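Open the model in your viewer and keep the sequence panel beside it.

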Amino acid sequence: MSHEIIPIPPPVPNFSPVAFHTRQNPTSGCTVDFQECLWASQYPEVQKSCFLARVCEHRPPKKCFFHRVESILQEGPTCGFVTISMYLGGLPTPDELFQEAKRRGFTAMGEMFSAGNLMEILLDQPAFSGRCHLFEGDLNCDEIRNALQSEACLIVPYDSDVNHTPCLRSGHKAHWALVIGYLIDEKDEFYVIARQGKSRLLGVWSLSSLAESNGNLTEFSQPKQHQGKDFMLPEGGIAGPQGLCHRAIIIHGGFQGNQFRFSNQ
């Protein structure tokens, strides 16, 4: 029997290890390793969100500000009530707000397809001490940018993609987000910082993409997980005068939580 001689493979090249900046997240206890977005290394949640959004990876922003709001995950289609509950620090709960809206005839399953009705629920909360008004128009405007730079918050309907970022589905994936701050990069591009009820991750989205998504909310689509269920739509549908398209709630004052600030100017 012949014996085949198998050559010894060459040694593995000696690559230098990549040095990552490592911090421990004080809230989750998890470590976050990134070479990018080191300007936010003291705040792992911000660093991770900007890294995933590919925002200010290698150069710090000119400005970044947001209110520190604890995330709340939604149960059922209650995303609108989650935004109010997050803004108010968790009390009342999303379910308590849902039950209140149901008694008023605003919702059946937790859905909220009227920005005006959602604002009415917010205004009637004893814990709410701020001021708010209904915005109508293109979100990508000076009024919205100035409001956010004045530390206002927004409650905004938009189409949510699979990763919860704004997309264009004609309203078939309508969702609500609480915009809690903003970021201006070195090229003066304006981003919003948001929370929403389907993920604990901070959203970092361009204002232009959120505005475009908000303005494309024109059609209601029955959710696959709620086939045969009756949802309550305002007169004229979600694109009508009481609906969602080109609408948002601007909230001034009344927020008592901590804040994140970064300035490179």
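This is a predicted model: local features need pLDDT of at least 70, side-chain atom pairs count only at pLDDT 80 or more; totals for chains, interfaces and linings use all residues.

**Stop 1: the cavity**

Select V46, S49, C50, I193, L202 and V204, which line the largest cavity. By class, this lining divides into 5 nonpolar residues, 1 polar and no charged. Next, colour α1 (44-53) and β9 (199-206); each of them supplies at least two residues of the lining. Which element gives the largest share of the lining? That is α1, with 3 residues. The structure holds 1 cavity of 30 Å³ or more.

**Stop 2: a helix pair**

Now select helix α2 (residues 79-87) together with helix α4 (residues 115-123). Two packed helices are described by the angle between their axes and the distance between the axes. Here the angle is about 30 degrees, and the axes of α2 and α4 lie 11 Å apart. Is the crossing of α2 and α4 left-handed or right-handed? The crossing is right-handed.

To see the contact, show side chains on both helices. On α2, pick G80, F81, T83 and I84; on α4, pick L118, I121 and L122, which they meet. The residues of this contact comprise 5 nonpolar and 2 polar, with no charged.

Notes
Residues are numbered from 1 along each chain as its sequence is written. Side-chain values use heavy atoms; hydrogens and water are left out. Axes are lines fitted to C-alpha atoms, for helices over the stretch in contact, and angles run from 0 to 180 degrees between N-to-C directions. Helices (H or I, at least four residues) and strands (E, at least two) are DSSP runs, numbered from the N terminus. A crossing is left-handed if the near helix is turned anticlockwise from the far one by less than a right angle, and right-handed if clockwise. Contact means heavy atoms within 4.5 Å. Ala, Val, Leu, Ile, Met, Phe, Trp, Tyr, Cys and Pro count as nonpolar, Asp, Glu, Lys and Arg as charged, and the others, Gly among them, as polar. On a 1 Å grid over the protein atoms alone, a cavity is a set of points where a 1.4 Å probe fits but cannot get out, and a pocket is an open set with protein on both sides within 12 Å along at least five of seven lines; lining residues have an atom within 4 Å of a point. Grid points are joined across faces, edges and corners, and a volume is the space filled by probe spheres set on the points.
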